Amino acid sequence: MNTNSVSEPSANEPKVNEPGMNGRSARGLGVSFTDVRFAYPSGVQALDGVSIDIPAGQRVAIVGQNGAGKTTLVRHLNGIFSPTSGQVVVGDTDTKGHTIAKLSALVGYVFQNPDEQLFARKVRDDVAFGPKNLGAEPERIDELVATALERVGLAGETDTHPHNLSLSERKRVALAAVLAMDTPVVVLDEPTTGQDQRGIALIARIIADLTAQGRTVIAITHDMDFCVENFDRVIVMALGRVLADGSPEEVFAKPDVLEQARVEAPQLMRLSTALGWSDRPRTVAEFVDKLPAR
Ligand SMILES: Nc1ncnc2c1ncn2[C@@H]1O[C@H](COP(=O)(O)OP(=O)(O)OP(=O)(O)O)[C@@H](O)[C@H]1O
Ligand SMILES: [Mg+2]
């Protein structure tokens with residue numbers, strides 16, 4: 001297998017420690033945004049001075065109302081966008097001056113809309129595209145494709161045309177395409193949209209597995225229950241800026257921030273607040289645990 005493109009980068013190429021493509025576990029990489037501003041050619045100022053540091057291996061949720069700048073922000077991580085000013089760094093690689101192809105070895109980005117990501121006539125080819133581009137050999141590609149499709153619950157759909165799948169299934173194909181690349185950083189843009197309870201549980205499991213492998217996971221979500229159950233840190237955005245950044249307990253205790261960002265606290269936290277509790281249970285199990293004490 002040709003691992004040159006990822007394991008022996010030249011001085012100008014992104015460096016990956018222990019890339020997953022050669023069969024070893026790819027550790028996470030930290031990412032940082034420093035005073036990032038970005039304006040679309042139309043003149044819309046989508047990011048207005050965003051600074052965020054995410055250590056390697058952390059799992060972070062980004063929340064905020066429609067148009068807050070969440071997608072624009074994460075698209076800076078794999079070079080789809082380059083900041084108008086400020087800096088975006090992945091590991092020790094400044095994303096400026098690196099192509100999407102190079103940054104894709106570091107950051108896997110699952111699109112909000114799978115139809116912007118998928119292009120092949122067979123599910124297998126969409127999932128094989130990334131590893132192929134990273135230089136994996138055919139047998140290894142087959143292995144990565146099979147494993148990734150199994151993880152997303154679509155093992156039987158390798159020869160299916162993605163257009164014959166439902167939106168929720170296409171979203172999971174898009175997720176498999178990123179999992180097959182085995183990147184140190186995984187970015188999920190609205191992963192639970194359109195998924196039923198089983199799909200949501202499956203995605204939660206994948207996030208837990210990625211975290212156990214040491215990967216950095218960044219997810220944008222409108223689902224606050226999913227957010228509080230699966231993430232250790234929550235970043236709230238509004239109008240291209242960060243309004244709050246902390247643990248779910250901290251962030252969801254700030255009604256003014258939530259109101260400004262048009263975000264509602266997770267159900268169990270709202271219920272415990274309504275009951276006058278000072279605790280903020282994240283899960284049903286935590287809520288039930290605290291009941292006997294009342
Ligand atoms: N291609 C584009 N051209 C011009 N403006 C855009 C483009 N994409 C997004 N915008 C604008 O940039 C701002 C940020 O949009 P972005 O898609 O990053 O928000 P978001 O937080 O991801 O929203 P959502 O929750 O709806 O996905 C919005 O005002 C949006 O209208
Ligand atoms: Mg978005």
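Guide: Here is a quick tour, starting with some housekeeping.
Guide: This is a predicted model, where local features need pLDDT of at least 70, side-chain atom pairs count only at pLDDT 80 or more, and totals for chains, interfaces and linings use all residues. Residues are numbered from 1 along each chain as its sequence is written, while chains are lettered from A and ligands numbered from 1 in the order in which they are written.

Visitor: On to sheets. What's the strand order in the six-strand one?
Guide: The order is β6-β7-β8-β3-β9-β10, in an open sheet with mixed pairing. Two strands pair if DSSP finds at least two bridges between them. β6 (107-110) and β10 (241-246) are at the edges with a single partner strand each, so one side of each has no neighbour in the sheet.

Visitor: How do β3 and β8 run?
Guide: Strand β3 (residues 59-63) is parallel to strand β8 (residues 216-220), and four bridges join them. Alanine 61 sits opposite alanine 219 in β8.

Visitor: What about β9 and β10?
Guide: Strand β9 (residues 233-238) pairs with β10 in the antiparallel sense over five bridges, and valine 236 has alanine 244 in β10 as its bridge partner. The two strands make a hairpin with two residues between them, and leucine 239 in the turn has a positive phi of about 50 degrees.

Visitor: Which strands does helix α8 lie across?
Guide: Helix α8 (residues 197-212) lies across β3, β7 and β8, at about 150 degrees to β8. Axes are lines fitted to C-alpha atoms, for helices over the stretch in contact, and angles run from 0 to 180 degrees between N-to-C directions. Contact between two residues means that their C-beta atoms, placed from the backbone, lie within 7 Å.

Visitor: And the four-strand sheet, what's the order there?
Guide: It goes β2-β1-β4-β5, open and antiparallel. The edges are β2 (45-54) and β5 (93-94), each with a single partner strand, so one side of each is left without a neighbour in the sheet. Strand β1 (residues 31-39) and strand β4 (residues 85-90) pair over five bridges, with phenylalanine 33 opposite valine 88 in β4.

Visitor: Last topic: at what angle do α5 and α6 pack?
Guide: Helix α5 (residues 123-133) and helix α6 (residues 138-151) pack at about 125 degrees, with axes 9 Å apart. α5 and α6 are therefore oblique to each other; angles under 35 degrees count as roughly parallel, over 145 as roughly antiparallel, 65 to 115 as roughly perpendicular and the rest as oblique.

Visitor: Which residues meet there?
Guide: Arg124, Val127, Ala128, Pro131 and Lys132 in α5 meet Ile141, Leu144, Val145, Ala148 and Leu149 in α6. The residues of that contact divide into eight nonpolar, no polar and two charged.

Terms used: Ala, Val, Leu, Ile, Met, Phe, Trp, Tyr, Cys and Pro count as nonpolar, Asp, Glu, Lys and Arg as charged, and the others, Gly among them, as polar.
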